[in-house]
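Reader: I would like to learn how to read a few features of a model. Please take them one at a time.

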Amino acid sequence: MEEAGPWGVCEETAILQGGFLLASRLTQPRPLRELRKGDWPRVGPPITDALGEIGARCPSPLQHSLWKKEAVAIVWAKVLLPAPPATSLDQGWKEDDFFSVGSMIPDLNHTVLFELVKALGAPQLFVQLLLALPQDVCQSELEHLVEYITSETSPSDIKFFLDVWWEVMKHKEGQEDTTVSTFSTLIRQHGCETSLDDGLQPPKRFKGDPGSLNHSPAATSLLMVLIEGLKQTYRSITLPRMKCYALANLVELLSVFTELEPEGSTLPVAEYLDKVSSVVNLWTRDTESQFYHRGLDEKVKEAERSLNLLSTAKLSRKELFVGLGFLCSLLHAWEEELQGALNSSEELCYESYRLLDTLTTFRKNLVCFSDTRDLGEDETRVVLELTQITKDFLKEISANLKGKDLGISLVSSVAMTIIEQKLDRHVEMCSVFASEKTWAFSKDWVDCFVKNKAVFQKPELVLELLETLVNFAVSRQDKEAQELQMQVTKAIVECYTELSLTDKNKVISGVLTSWGGPGLSLNLTVVMEGFQEDLNVTFNQITKSVSDQGLTRAVDSVARLMLLYPEATVKQVCNLAVVNLGAHQFLAQILCSFPALSFLETHDDPGLPRNLVVRCLEEAVWGRLSTVREEEQFLEFLAFLMQPSSAAPLVSPAEVTKAFVLPYLKSDSDQTELSLQILSKVLGLQSCSEEHWIKSCHPFPLLISLCKLLDGYTKYWHRPRDQLFPSLETKDLLLNILCQLCEVVRPETVNSPELWVQSLAWLHRKVASLDWTIGLRLKKLYGDHFKNEVPATLFEVCTLPEDEWTSQPLPAYGPGSGLLAWMECCCVSTALRETMLTLLTVNVDNPEEVNLFSKGFLVALIQVLPWCSHSEWKGLMQVVENLLQRQVLHVPYTLEYVQYMPLLNLRPFACYLQFSVLFLRGFQLLCSSSCSTWLPAEAWLHVVQLYCSSMTDLLGSVKETAGPPSHSTEDRTSTQEVSFICIQMFCHLLHVAAMLPDKGCSEPLVVVALEILSQYEGFSGADTSPSNTLRRANEKHFLESITDNVVDEALRGPLLQKLSKLGTRLAGEPA
């Protein structure tokens, strides 16, 4: 077939020309432009035969359809654009695209146009061309049609008119093809003056709605033309089928194209599918239907068109009631006949089905309209009358006729066709397709899904498909079912993979809600085939390429696993975060990319939901941490999950506390130390809400648990060796946590002021049975509710105000224990330490009192020392420093390790020398026979560690006071003084070491002793005085002789080796 382009001359146009020339001869002596309706049966065949011949040459039905439209467009253009005058012929062929084709066709009138369209059975293409015309021409042409059918009206005229009406309502803008666009452009370019000599009178203005067509918007005027056309012709309608058709058109127009239509009144998709299927079913059974021989695709497409009417124009209220009045009269006139005809039929035809359907909707709209609009008296009467007559009409129709069941196969086929053809509501239809269990997993269903999976790439559709898949898997386990499962699972996963991360999380959330942590693996055995291997391979690749750039890729890889088996995937991440060095933060970022995992599981107890990630951590990691490094990574991993840098937290501090802290805060748990570290970590996080999370974690029982743990340290060295208890290194952490809790547990964390007071009283009663210092640590919490309760002997050494302090009888604190109680108070907090120093009563003017205080202080210090944590001991060192500087504490310095009187200025360093001597005197008491059985073997290492930490601090203070070693003459004295102090501290340390029982305490002593020698080396080497060489030689000999006397080889060996190197450098040889 030739492609001639718009209005091009080709073989087909020549055939069409031949048909018109033959027809023209048959009308002689009158021309075709004067053809009358009655002449068409004789004149029309040559024209329709020509079009039939063209159709036979078309390679496809689509091409034939296009040529029909082309032929109608040519005829209509010829009607609207008569032959130009002879004077314009010379220019016409150059400038007018239609000139050549138009010249081939004789002048025509509307009779030829209308009869040709009727003969072709093409009302849709007629309406497409009609509505492409300029508004005034469009209305004029429709009026011509109405005028035409009202003259010598035949049944075919009625059907044609009703078909055109129906197509006008179904028409949608923006779907014009090339032929329609070219036709529209041609008419708009030329303008049109319809030939008055075409056999028709100019169209009349109808009397039924005076002036409406002149003053209404064009679109609504078209609708009124249709109503008026029916008014002119309804008496000529005799067949019940056509009466149903006419009424359905009128009711649909009044329902959709007026204010009767409720806003947003879209049919639910299930009802919509049912209606489309009903229409298709009717067309399939009705041999008289024009769609009877059409394929399912065409039937579905047309049925959907008929249900998706767009009200681009609305009739005015006045026009509406003109239409309602006419409808009322028609129903009165035809009611009895139609009811009888419908009830006598075995089943509906499409026209009668459509009438019943539109009347049902129309009646509902009328009721809503009368309830929600302010109507006049006449308007109300019309609405009520019409409501009643439609109700009566529908009531008389047989229920069996209205309620025919549709087969599942038809409905599913229609739904699949809508999806495959991507018709108007195919997206909504995907939801029905995905969730309808009765269709699922047929061969057609699977093929449709696999072929069209791109339209299912929405989270809600993926979830519906998964539910259908699981339902199928539970009901069937045979081999064929397994294969179908595999095929559909693969397609669903592909849909899921294409989703955004936000949408993937919606799917994961839905999976967890439906099937919990096991996800799809709970019911789909196909998911488990090769899953573990896939899991291992994926995470091996991830942990080998830890980088910010690889995060997106890693998240995509994990997302697929998370869909199939969330719990196993989370556990794998948790496990790798602990055992893979340095990968924990990257893995936490991956996990935090899935906020859906903050899912609360209910399991057997709906009242106690548990966080999925927390449970996975408990089952995969908790209790299996074998090294300090693994514990550190676990803590950091947990912290990131609670407070990620750029995502929502996956777990809350409260959830972590309930899972990993509250169950383990007891002295016999091997997880207590780690639990305390976790609690410290969560308390350090900022609370994101006004109500602190601690409120949900039973704060007062938590406090009492911590207090009991703290009380256990008072018996630390006297508990059975096989009894589990946190180490003394953990005591500082515990003290810090207790302090933090006293900050965050405020009156707001309980439900009422009365409950707050009751809770404090409960806590106070519980704490009363514990060590008395614990109550002091809760002072910030107690506020003014309770006084500080202390041993009575504390009042003997302090002037304590009685409105804040009160004594309690404690048998362990007999006469002379005041300083011990005072020192224990100093360990509680910085603020209380300052208070104790301020309130201490020692008369420095009384030598005996100062001596007694100093001796008592040393005894109390030794009593407290073994039970002190590192921070408590450092606090006591500040107390010692304060008392030494105030000269309240008397520590005489003896020259037992001095061979010659040092002629040095030791005043700036006096405090440090006194410190060192105080430690020595303390150990002399501690190691004396009277105390030999006081401490168990394992306590000595802790005591020595505290001593060594203090000696290290002293060494740093000496260096800070002296400044860096200098070779200048001015600083020579300072270097000699520091060297002297280092020698004294070294001797004191070796003296302490010699007194210690053989308990394996050498390591910390060696470290500090080597530090002292290194500092001595630095300062003595900076001394440039003339006598320095001799002095250093003497000092080296002295140090070696002292060290030679050390019994412990583990201490003596490293020190002598250091001294030998020191001697080499002192002699000026390379080290």
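Author: D803 lies in the loop between α40 (794–797) and β4 (805–808); helices (H or I, at least four residues) and strands (E, at least two) are DSSP runs, numbered from the N terminus. This is a predicted model, in which local features need pLDDT of at least 70, side-chain atom pairs count only at pLDDT 80 or more, and totals for chains, interfaces and linings use all residues. Residues are numbered from 1 along each chain as its sequence is written, and side-chain values use heavy atoms, with hydrogens and water left out.

Reader: Is D803 buried or exposed?

Author: Buried means under 20% relative accessible area, exposed over 50%, and partly exposed in between (1.4 Å probe, protein chains only). D803 has a relative accessible area of 59%, so it is exposed.

Reader: How many of the 15 residues of α8 are buried?

Author: Twelve are, so α8 is largely enclosed by the rest of the structure. Among them are V137, C138, L142 and Y148.

Reader: What should helix α8 span?

Author: The expected span of a helix is 1.5 Å times one less than its number of residues. For α8 (residues 135–149) that gives 21 Å, and its end C-alpha atoms are 21 Å apart, which agrees.

Reader: Where is S1002?

Author: S1002 is in helix α48 (residues 1002–1021), and it counts as buried because its relative accessibility is 10%. The C-alpha atoms of S1002 and E1049 are separated by 9.1 Å, and the two residues are 47 residues apart along the chain.
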